[in-house]
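Here are some exercises to work through with the model open in your viewer. Try each task before you read its solution.

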Amino acid sequence: MQENNQKEQKCCCGEEKKDKFLEELFSTYKPIKDNLIQMLNEIQEHYGYVPMWVQKELSEFLSVPMAEIYGVVTFYSRFSLKPKGKYNISVCLGTACFVKGSQKIMDRLLERLKIQPGETTPDGKFSIEETRCVGACGLAPVFTINGEVYGKATVQKLDQVLDELMK
Ligand code: FES
């Protein structure tokens, strides 16, 4: 009988748990609460989001309640509970951008991608987020794609960029 040397198991939610990345992560960090944010950063970067099953594993490893981890993940916008698209497009709806028309840019984005903020297109290519000021008010209105700022944005500029990315 072939021995299964992988430590993956099915979690109660049906998702896989304890993959190689997590094992390495848990062997790199000490199991103390102070490491929570840094570990979440690495998890977000690796998976593109912070899956619930990973939160459970982290909760056990750090002896921090799930509710607290969930609270941190939902508090900081850099963490996500759902996978983001290959191109994560954020439209700034902060005051400076809003008064310069960023809602029109958001409306156009929703119309073209046919998803809502917080969602990802079925092909995994695009996701949309709303943000409140990315510190580039002088360039308002602003949208970002994977963190790259597109300032003095217009609907036409958005269309151009989307056309390019959709090729
Ligand atoms: S309000 Fe949009 S960058 Fe500041």
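**Exercise 1.** Determine the hand of the crossing between helix 3 and helix 4, and find which residues make the contact.

*Solution.* Step 1: helix 3 passes helix 4 in a right-handed crossing (left-handed if the near helix is turned anticlockwise from the far one by less than a right angle, right-handed if clockwise). Helices here are DSSP runs of H or I with at least four residues, strands are runs of E with at least two, and both are numbered from the N terminus.

Step 2: helix 3 contributes Gln-55, Lys-56, Leu-58 and Ser-59 to the contact, and helix 4 contributes Met-66, Ile-69, Tyr-70 and Val-73. Two residues are in contact if their C-beta atoms, placed from the backbone, lie within 7 Å.

Step 3: sorted by class, these are five nonpolar, two polar and one charged residues (nonpolar: Ala, Val, Leu, Ile, Met, Phe, Trp, Tyr, Cys and Pro; charged: Asp, Glu, Lys and Arg; polar: the others, Gly among them).

Before going on, a word on the model: it is predicted, so local features need pLDDT of at least 70 and side-chain atom pairs count only at pLDDT 80 or more, while totals for chains, interfaces and linings use all residues. Residues are numbered from 1 along each chain as its sequence is written.

**Exercise 2.** Describe the geometry of this helix pair.

*Solution.* Step 1: two packed helices are described by the angle between their axes and the distance between the axes. Step 2: the axes of helix 3 and helix 4 (residues 66-75) come within 9 Å and cross at roughly 125°. The axes are lines fitted to C-alpha atoms over the stretch in contact, with angles from 0 to 180 degrees between N-to-C directions.

Step 3: helix 3 and helix 4 are therefore oblique to each other (under 35 degrees is roughly parallel, over 145 roughly antiparallel, 65 to 115 roughly perpendicular, and the rest oblique).

**Exercise 3.** Which residues of helix 3 are buried, and where on the helix do they lie?

*Solution.* Step 1: in helix 3 (residues 52-62), the buried residues are Val-54, Gln-55, Glu-57, Leu-58 and Leu-62. Buried means 20 or more other C-beta atoms within 10 Å of the residue's own, exposed means 12 or fewer, and partly exposed is in between, with C-beta atoms placed from the backbone.

Step 2: viewed down the axis of helix 3, the buried residues fall within an arc of 160°, so they line one face of the helix. The arc is taken from the directions from the helix axis to the C-beta atoms. Step 3: just after helix 3, Ser-63 has a positive phi of about 55°.

**Exercise 4.** Is Ile-69 buried or exposed?

*Solution.* Step 1: find Ile-69 in helix 4. Step 2: Ile-69 counts as buried because it has 22 C-beta neighbours inside 10 Å. Step 3: leaving aside neighbours within four places in sequence, Ile-69 is in contact with Gln-55, Leu-58, Ser-59 and Val-64.

**Exercise 5.** Inspect the backbone at Pro-141, Asn-146 and Lys-152.

*Solution.* Step 1: Ala-140 and Pro-141 are joined by a cis peptide bond, with omega about 0°. Pro-141 sits in the loop between strand 4 (126-131) and strand 5 (143-145).

Step 2: Asn-146, in the loop between strand 5 and strand 6 (148-150), is not a glycine, yet has a positive phi of about 50°. Step 3: Lys-152 belongs to the loop between strand 6 and helix 7 (155-166), and its phi is near 45°. Lys-152 is exposed, with 11 other C-beta atoms within 10 Å.
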